[in-house]
Amino acid sequence: SKPSDELPRFLDSGIYRFPNSNAVFVDPVRLLNRSYNRFRVSPSAYYSRFLEPKHYAQEPTLSSNPNKRKRKPKKQPHSLNEKERAADQRHQEARPLLLKAHESLLGSADFPAIMSKLRSDFCSSTELTGGEEHSFIELGSVWQGPLCDITLNFKFTRLKNETNNEENGKVEQRVLPVFNNLIVNDTHDDVEAEFLKRHYILPRESCFYMSDLGQIHNIIPAESDNGFNLIVIDPPWENGSARQKSLYPTLPSRYFLSLPIKQLTHQEGSLVALWVTNREKLRNFIEKELFPAWGVRYLFTVYWLKVKGDGSLISDLDLFHHRPYECLLLGYCHGKVMNDSEYLSEFGAVKDKQIIISIPGAYSRKPPIGELLLEHVPGVKSARCIELFAREMVTGWFSWGNEPLHFQDSRYFQGE
Ligand code: SAM
């Protein structure tokens, strides 16, 4: 069959909706690029792990379902303990949906074109600069931290002479403490910032507050009508991965009980989206302790299914300790104005079991799902959005964490 109208829409938006399916395929690079005017996120820097164009020099083929290859033997059910059985039950519930979503991708007439486009973007892209990146986690934790400044170079372009459209750039510099301080790009253009000789790109209309969890109370808005309608949280959950331990510190789950979700919530309520791992103990803790402590009522789960550049899953679907998917738990925190029943009648008809498919980027980096969640967000038309434990910035969002500038380093971008 022929490529559909959905393909040009995807090339523009980064979101591909499969017909008659609750699955979408997203290209995080295209989604992120909507935050920038002059800069472009570098596909080769983003897709450094699972898109290896050299391995797929040929057109992708659908002749064999990659999911059927290399199937590893299943763990025998009798060797599962009680927690493992509960986890397996959750998995068995999700399994048919995930398989169906994966089939939608592989069976789509646009699939070969999508993947070959991503590969050609990858091959033709460059990274701006190399070199050693700064570790904000380390810098923020030493005594010199509070003394560090960042320089924002606001570039205002105006037309000097309308007849020949010659542009004249005026630069205004602002020097601000980088830690424990709200840093805002309130202009309609990307801003380049300099910090200890490295460059960072701040998207238009975005802001960040870089601090340790101990300082999070500083971002609580004074008035609840300045609160947030969408709160995305990707906590540094403890897990056994040595890889993770070297990349960022983790915290015991009980530390997240004190996250001020209620105080961050807009008076018209908020949609809370929490990334979780597949550990059963954690899922229990969230349902029984964390959501109740935050005043959040569980709504539904979104699955993120991870594929490689040839469309195959990054690991066998049934691998117990390395699932090729992660879960995003959606909940609702009511504000002062709208009550639960109003919200549930307006937004409660949400479709359960949505599946987002993408090729993963760097370790633990999540796809930018803000736009896909907006349709479920209560309250005002232009939602106020915040990401907690963020490692990047997005137009219209407040990014908080101990390294929200991490992926804003110019090495993740290609030139103007
Ligand atoms: N969502 C992010 C992404 O897509 O790239 C990944 C977030 S990662 C799971 C958790 C983040 O929490 C890391 O950036 C880590 O440095 C940060 N973090 C760990 N301990 C923290 C603390 N005490 N205060 C603030 N942030 C912390």
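Which polar side-chain atom lies 2.7 Å from an oxygen atom of the ligand? I found that the atom belongs to asparagine 402. I counted a polar contact as a pair of N or O atoms within 3.5 Å.

I note that the model is predicted, that local features need pLDDT of at least 70 and side-chain atom pairs pLDDT 80 or more, and that totals for chains, interfaces and linings use all residues. Residues are numbered from 1 along each chain as its sequence is written, and side-chain values use heavy atoms, with hydrogens and water left out.

I then looked up backbone partners. A polar backbone atom of lysine 366 is 2.8 Å from an oxygen atom of the ligand, and one of leucine 213 is 2.8 Å from a nitrogen atom of the ligand. The ligand on its own has 610 Å² of accessible area, of which the protein covers 97% (Shrake-Rupley method, 1.4 Å probe).

I listed 20 residues around the ligand, each with a heavy atom within 4 Å of it. Asp234, Lys366, Arg391, Asn402 and Glu403 come nearest. By class, I recorded 10 nonpolar, 3 polar and 7 charged residues in this shell; Asp, Glu, Lys and Arg count as charged.

Phenylalanine 39 lies in the loop between helix 2 (28-33) and strand 3 (40-41), and phenylalanine 413 in strand 17 (residues 413-414), 374 residues apart. Helices (H or I, at least four residues) and strands (E, at least two) are DSSP runs.

Definitions and conventions: A polar contact is a pair of N or O atoms within 3.5 Å; within protein, one must be able to donate a hydrogen and the other to accept it, and residues adjacent in sequence count only if both atoms are side-chain atoms.
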